[in-house]
Amino acid sequence: MGRAHPAALLHDEVSRAMAGHGGLVLVAGEAGIGKTSLLTAAMAQARASGALVVAGTCWDAESAPGFWPWTQVLRAVRRGVGQADWAAARQAGGAGLSVLLGEGGPDANDTALDGEFPLFDAVTSAFVALSQRRPLVVALDDLHWADAASLRLLRFAAQHTWSERVLLIGAYRDVEVEAPKHPLRALMVPLSVKATTVTLTGLGRDEVAELMARTTGRAPDPALAEEVHRRTGGNPFFVEQTARLWHSGGSLLAVAPGVRDALDRRLALLPEDVTALLATAAVLGREFPRQVLVAASGTPEAGVDRLLAQAEEARLVAVRGVGRYGFAHDLVREALHDGLPERARQELHAAVVRAAEASPELAVQVLPADLARHAYLAGPLLEPEIAVRRLLAAAADAGERLAADEAISHYRRALERVREPARRVRVLIELGRSVYHLGDKSEGWRLFEEAAAIARETGDGELLAWVALVVHPHGRPDGGRTELRQSLLREAYRLLIGEGAEAANPEQLALSLIVRTEAVARTGRDDEALMFSLWARHDLNWGPGGAREREALTAEMEQVSRRAADTGTEALAASFRWVALLEMGDPGYLEQLSVFLAAAERDGSLRMRISQLVDQAVIDTMRGRFAEAEELLARLRTSEGHPHADFTFMQYHLEWALAMQRGQFAEADRLLGQLDAQDHPYLPLVQAITAVERGDVGEALRLVAAAEAYSRNDPYPSSVNRLWLRLRAQLAAATADPERCDGAREALLPYRGEWAVSLWGCDVSGPLDLWLAEVDAAAGRWDDAVAEYTAAAESAERMQAPPWAERARAGLARALTARDAPGDTRAASLLRDPGAREAEAAEVCEFLREDATWRLRYAGRTVHLPDAKGLRDLHELLSHPGTDIAAVELADPPGGATAVAARRMGADPVLDDTAKAHYRQRLDQLDDALDAAARRDDTARRQALESERDALLAELRAAAGLGGRTRRLGDDGERARKAVTARIRDTLRRLDDLHPELAAHLRASVSTGNACGYHPDPAPPWRL
């Protein structure tokens, strides 16, 4: 109505989008001018043209979750498309869509400035994928209430979909956004430059008259329409409100130049108790839960239901969901809210928070950000400690949703309310950590310094020690602040312990403070303080020689976190525990990895979901499971919340490590060439390792000199030490420089038997015995080198790390050849004669039982497995090559021929030919799926398949046999066939991981069924 030109513009834009030319249209105007109506008409046109049309509405930015309008859009897409289209959108967008769909978030505080890119790309890619199937129109209303990140996402999507069948339409109040102090002005102005902007103005006199007639059911006289037009300026919302008042007998004087007068007149028509209840609801927000309204108003439930029903009838509120209501227009809420005195509003805000404090069931109905807003706006009427607690909880929740700006806002508000010095120090530290990790290092340090100053004023040595220990890890890799960090440690030491601070180094000072705070925590049974001390001690013990203590610390951390029901900390401690076990060369690290994965699954947070991908990628790379590692890294790249400040660096390092383990040095160089010091804080180290691995020693030496100069005044943290040890050993071996060899050997000797694990477990650089052997080989210490290569190979086999075992064996062969000692001639000849090498590998095939374990050697590799029936079956078959052995004899050897004959006695056929064929097909499918699951190391899938197979066999008792032979009920031979086949299959699946060459040989040469046999071509000479 009265919108012919704007409607035509939108019509043209919709038509262009249908033809493959997308774009962005912004509809601007004051409140109530008709923006939503115009959007609705454009959406109807697009829907009629066959487009997928979805919409989202922004909410008050103080309490709305980050990216709220996009969350609504994606939910609408999910509801509005079929499963196939949604699956295509999810595949294109990746796991990043989960964040906007409210399916989880990371732990608080550590989101990087560039962390929005994968989310933006995920949404845009999903839109493009959907537009390939049919045009897509996305309408966003009330953008003046959007969070800044949502506008940045809108700009990104508009920039990347202009050539697709995607039309983006947004509506906003330009008169508000264009105000100098509006927080979105800087974002909206450049956005509007890129868009087709439609600015709405008031309706003409005739349109006002028509709108009044449609609203009330009777046409106004021309004079009345003229007066309404003059007073309202043609604003459709004002016109509608005025028309309703006029129709109900109200005076035209109620339609003032501003809408509030009209709303006040309309509200005055309601009973006072309805208006009072709605005023309370207005404080809750544009939408409000019924139960929260009951608690805040003090009105019984029945009374609230009655009053809400009257408000619905008056079209002031509407049902928004189960137990939730919302105002029909936000101006209604604003009028009600602003009509309350300031103290009355504060009392209601405080009432909401107190109700949530008293009822956890009620608290979950209110967003943490809303509770924090109420707590802050309650002002002096709410106890500061309650307000601070709610604000900090909202900050943590915001961090989980990747809304870093919102989290910082909550921390700043908490800082306004907190008064108690120790609590203020903690808020300052949390705020400092947040802004530091978000990129503002200077403000982060200013906040740290303020926290330290307050701690000094209190004279509380324990508080200052806490500040010093928190601040101590900061400062690297960006450098600087060394003196501040060390001075805090010295001051805390003097306050808490006494003299001697000047003589101790920073690590000694930190350790002394940790020991003291830990003792105090244990004495006071303070689990929170104890956990802080345990983490601080754990972090201080990174580096050579600290793994055993870290393993004990993380074990206790798991216990303490379980006691506190802190699933996130429990999972994190479990993760660092497998790292410590791996560093110690303990094969139990794999079992502990499973413990971590289970704990992370229980926690379910985004940080733990990403950590699962990281940890498994580290282990798969170490174990040579390259395809699996590559798949995990691909999932990490597209996971929700990524790149995170920590995980971005890990992603880069893991991709480099995978390329290096594969020997793809050009790919490793390409990856590193895209990075700078911000992307990888230890870039010179990995560049130098890459250079020396590919043989460019000169470049490696240059990079090492740069790295040493970079860290001279502020050394790299201890978590990087093992990378340094590896690099020193490789450079010593490459240059054969006696001084370098002596220095590297001295540094490595104390850590024989351990593994080189760096960067908090993100880097695994093999057994340290391997690098010591490389140094000794370069120095000509052949006896030592042979012993160390042997120890490294055996350790790698125990740790199920074939690539490192192969590298150690290759070094051992070189050392044996160079030593040329008695008994080494044969080994030396293997390097010179490939044919002899193959013959030697064939000569040492072993399938030997040693007490409770089996020693299996094939193709030059040896593995050990615990005793199992499948291994005994295979041993029996290998002992009789070329001979078929009845399954019943393998299943029950003492039974002999008599048992066989008894089991071959017939029974009635169970199934007809069609049924037999069906069941045979399903059993074959299950066996193939089990093999595939075993190769992927998918334990959960394998267990499910085995359960189905066992249940199917137990249910059938008989089905089609090999060659179509009929199986009969009560046939013991059939049970033996199934048992032996399953045992052998399970053993081969285990060998797929431990010794794939042996598994492939046995799978190709062993047959199973009613008769089993070993038929190799040719048969290797086995030692049995």
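Mentor: Begin with the surface: the accessible surface of the chain is about 43900 Å², and carbon and sulfur atoms hold 51% of that. Accessible areas are computed by the Shrake-Rupley method with a 1.4 Å probe, and for residues only the protein chains shown count as cover. This is a predicted model, in which local features need pLDDT of at least 70 and side-chain atom pairs count only at pLDDT 80 or more, while totals for chains, interfaces and linings use all residues. Residues are numbered from 1 along each chain as its sequence is written, and side-chain values use heavy atoms, with hydrogens and water left out.

Trainee: What percentage of the 1024 residues in the chain is buried?

Mentor: Buried means under 20% relative accessible area, exposed over 50%, and partly exposed in between (1.4 Å probe, protein chains only). Here 53% of the 1024 residues are buried.

Trainee: How many helices and strands does the chain have?

Mentor: Helices (H or I, at least four residues) and strands (E, at least two) are DSSP runs, numbered from the N terminus. The chain has 51 helices and 17 strands.

Trainee: Which residues of α7 are buried?

Mentor: In helix α7, residues 148-160, the buried ones include Ala-149, Leu-151, Leu-154 and Phe-156.

Trainee: Where does Leu-513 lie, and which residues is Leu-513 in contact with?

Mentor: Leu-513 lies in helix α27 (residues 506-524) and is buried, with a relative accessible area of 0%. Contact means heavy atoms within 4.5 Å. Beyond its neighbours within four places in sequence, Leu-513 has contacts that include Ala-465, Leu-469, Tyr-493 and Ile-497.
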